[in-house]
Amino acid sequence: MAVKDKDRNVIAQNKRAGHDYFIEETYEAGMVLKGTEIKSMRAGRMNLKDSFARISNGEMYLHNAHISEYEQGNRYNHEPTRARKLLLHKKQINTLIGQTQQKGYSLVPLKVYIKNGFAKVLIGLAKGKKNYDKRETLKRQDAKREVDRALKERMKG
């Protein structure tokens, strides 16, 4: 099975996003980074837990994404959880402004990866799940896992 090119260079992934939200649409955005940030990211020292995207003054920013300080960095090292600007087309930002003003919608980073030498973020337009939705999703996943297990046993025997 061939692995997609962008999946090979995944640096960080937000695994809770699929559990906590219904992902309606995804957008690929570039990141504005400092030199020590990209070096630390390439070393795999990034965490998307509790991070979110927000639009202010017509620009999108990624908040609470933790990029650890670069070990060989000196006094020019970066702040680990600073807000980082995301690069999207103006048209995309305008549509996202309209969609996030609806009740229950938010912008959630799904994964960060390197594509053609540039750091990219996959942003999802997400609607929050209620507790009963989360339980339903877990039931469906368990049922699928059981079916796959049964099929695998049948193929062996």
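This is a predicted model: local features need pLDDT of at least 70, side-chain atom pairs count only at pLDDT 80 or more; totals for chains, interfaces and linings use all residues.
Entry 1, burial. I take buried to mean under 20% relative accessible area, exposed over 50%, and partly exposed in between, using a 1.4 Å probe and protein chains only. On that scale, 33% of the 157 residues of the protein chain count as buried.

Residues are numbered from 1 along each chain as its sequence is written, and side-chain values use heavy atoms, with hydrogens and water left out.

I looked up pLDDT, the predictor's confidence in each residue, from 0 to 100. The protein chain averages 82, and 94% of the residues score at least 70.

I count helices (H or I, at least four residues) and strands (E, at least two) as DSSP runs, numbered from the N terminus. The protein chain has five helices and nine strands, and along the sequence they follow the pattern α-β-α-β-α-β-β-β-β-β-α-β-β-α. The C-alpha trace spans about 60 × 40 × 25 Å along its principal axes. For contacts I use heavy atoms within 4.5 Å. Among contacts between residues at least 6 apart in sequence, 67% join residues at least 24 apart.

A nonpolar core here is a set of buried Ala, Val, Leu, Ile, Met, Phe, Trp, Tyr and Cys residues joined through side-chain atoms within 4.5 Å. Which residues have the most contacts inside the largest nonpolar core? They are Met31, Met41, Met46, Met60, Leu86, Leu96 and Leu107, in a core of 27 residues. The elements giving two or more residues to this core are β1 (10-13), β2 (21-31), α3 (35-42), β4, β5 (59-63), α4 (90-100), β8 and β9. Apart from it lies another core of six residues, including Ala17, Leu110, Tyr113 and Leu122. A reminder to myself: in soluble globular proteins, nonpolar side chains tend to be buried together.

I set aside neighbours within four places in sequence for leucine 86, and its contacts are then Ala29, Gly30, Met31, Ala53, Met60, Tyr61, Leu62, Val121 and Ile123. Alanine 119 sits in strand β9 and is buried, with a relative accessible area of 8%. With neighbours within four places left out, alanine 119 touches Ala29, Gly30, Met31, Leu33, Ile38, Met41 and Tyr113. The C-alpha atoms of alanine 119 and lysine 156 are separated by 43 Å, at 37 residues apart along the chain.

Just after α3, glycine 44 takes a positive phi of about 80°.

Most residues other than glycine have a negative phi, and I found two cases worth a note. Aspartate 50 has a phi near 65°; this residue is in the loop between β3 (46-47) and β4 (52-56) and is exposed, at 58% relative accessible area. Asparagine 116 has a phi near 55°; this residue lies in the loop between β8 and β9 (118-128) and counts as exposed at 65%.

My pocket search uses a 1 Å grid over the protein atoms alone and a 1.4 Å probe; a pocket is an open set of points with protein on both sides within 12 Å along at least five of seven lines, and lining residues have an atom within 4 Å of a point. Grid points are joined across faces, edges and corners, and a volume is the space filled by probe spheres set on the points. The largest pocket has a volume of about 250 Å³. Of its 15 lining residues, the closest to its centre are Asn14, Arg16, Tyr21, Asp50 and Ser51. I class Ala, Val, Leu, Ile, Met, Phe, Trp, Tyr, Cys and Pro as nonpolar, Asp, Glu, Lys and Arg as charged, and the others, Gly among them, as polar. The lining then has six nonpolar, four polar and five charged residues.

Threonine 81 is in the loop between β6 (66-67) and β7 (84-87) and counts as partly exposed at 38% relative accessibility. Beyond four places in sequence, threonine 81 is in contact with Asn64, Ala65 and His66.
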